[in-house]
Amino acid sequence: MKKQFWSKSLAGLAAIALVFTFTAQVQAKTWKMSFGDAAGGTQWETGKKYAEILEKKAGGKIKFDFFPNGQLGSEQDTVNDCSMDTLDFSVLAVNNLTPFSPTVGVLTLPYVIQGIDDAVALTQGTLGEELAKNTLRDAGVRIVAWTYSGFRVLTNSKRPVKTIADLKGLVIRVPKNAIMIDSYKAWGINPTPMAWSETFTALQQKVVDGQDNPFITVNAMKFYEIQKYVTTLRYLFSLEPIIMSEELFQRQNPEMQKMILDAGKEATAYSKQWLVDTEDSIKKSLVEKGMVIDDAANGEKEWIEKATKAVWPKYYDSIGGKEKLESALKILGRSL
Ligand code: MLT
């Protein structure tokens, strides 16, 4: 009798649990997350971690679908899409956000960020908050997390580049980012602006000879199959924000909004550690795959002087005034 009672009760509980699970699944909203890069790079790691944290916090109310490799459009297109609420989330390089949010350009001025600690100091704290607010105002999207991806290194298929003079004659693809275009101009060449989503094919078909991106991105995109030479420039430390549709954010209740922002903080911390743990081994694996790495450090002074002298003053206005660069440098313990 007792046994029968318990088995009936257990069956009842199981049925209730099933109904709950089913209801949660039916009600779970699916949010789309776009990635400019292929799976396996820093964008992917941070984006997936962000989604995992948020799905858990939200207790099954939401789930994410992932679209790597620019499947949903170029990185710059996804900024428009998020601002129009036709896309939920995008993970993209900060240089592809800057055209829509000019003050963020302070993070892409050459040689401002000189390492991961500088990157953390500028993206978190008061400056980070100010840039996120400006991005909401200017681009209409909300930055919820940052990915730290390491310095962009120059790759090309033609020859080793050790000095500025070696650049001459190379056709280098750059993002459609005025600061980056001007950096190469300062080094004496006219780069080719091109969407990230078109870059692999352009390198493969030799429409362009080279490009720059971090080691981890070079690996995730399999550039080692089509590029041989790497130069470790340190002019730009790559940052890849996770942005979301502001309209989507505003449709959430305060509890969910808090979860969205908290998940961002946790994913940002995860990203820093992932880079520290992974970058060196990826660099080694690129050498094993046949890439030849040259350090620009010997003649780096010349690269630095040319780029900072020509580029920084040109962008004072768009970043919100010379004082914005001064205050960024002050945070880093440096001055103009
Ligand atoms: C670009 O070069 O356009 C981007 O930095 C690529 C990326 O998002 O990884």
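Hi everyone, let me start with a term: contact means heavy atoms within 4.5 Å. This is a predicted model, where local features need pLDDT of at least 70, side-chain atom pairs count only at pLDDT 80 or more, and totals for chains, interfaces and linings use all residues. Residues are numbered from 1 along each chain as its sequence is written, and side-chain values use heavy atoms, with hydrogens and water left out.

Let's begin with N96. Leaving aside residues up to four places away in sequence, N96 touches E75, Q76, V79, P175 and K176. You'll find N96 in the loop between strand 3 (89–91) and helix 4; helices (H or I, at least four residues) and strands (E, at least two) are DSSP runs, numbered from the N terminus. Is N96 buried or exposed? N96 counts as buried, because its relative accessibility is 5% and buried means under 20% relative accessible area, exposed over 50%, partly exposed in between (1.4 Å probe, protein chains only). Its side chain also makes a polar contact with the side chain of E75, at 2.8 Å. A polar contact is a pair of N or O atoms within 3.5 Å; within protein, one must be able to donate a hydrogen and the other to accept it, and residues adjacent in sequence count only if both atoms are side-chain atoms.

Now the ligand. A side-chain N or O atom of N96 is 3.0 Å from a ligand oxygen. For D37, the corresponding distance is 2.6 Å, and for Q43 a polar side-chain atom lies 2.9 Å from a ligand oxygen.

Thanks, everyone, happy to chat!
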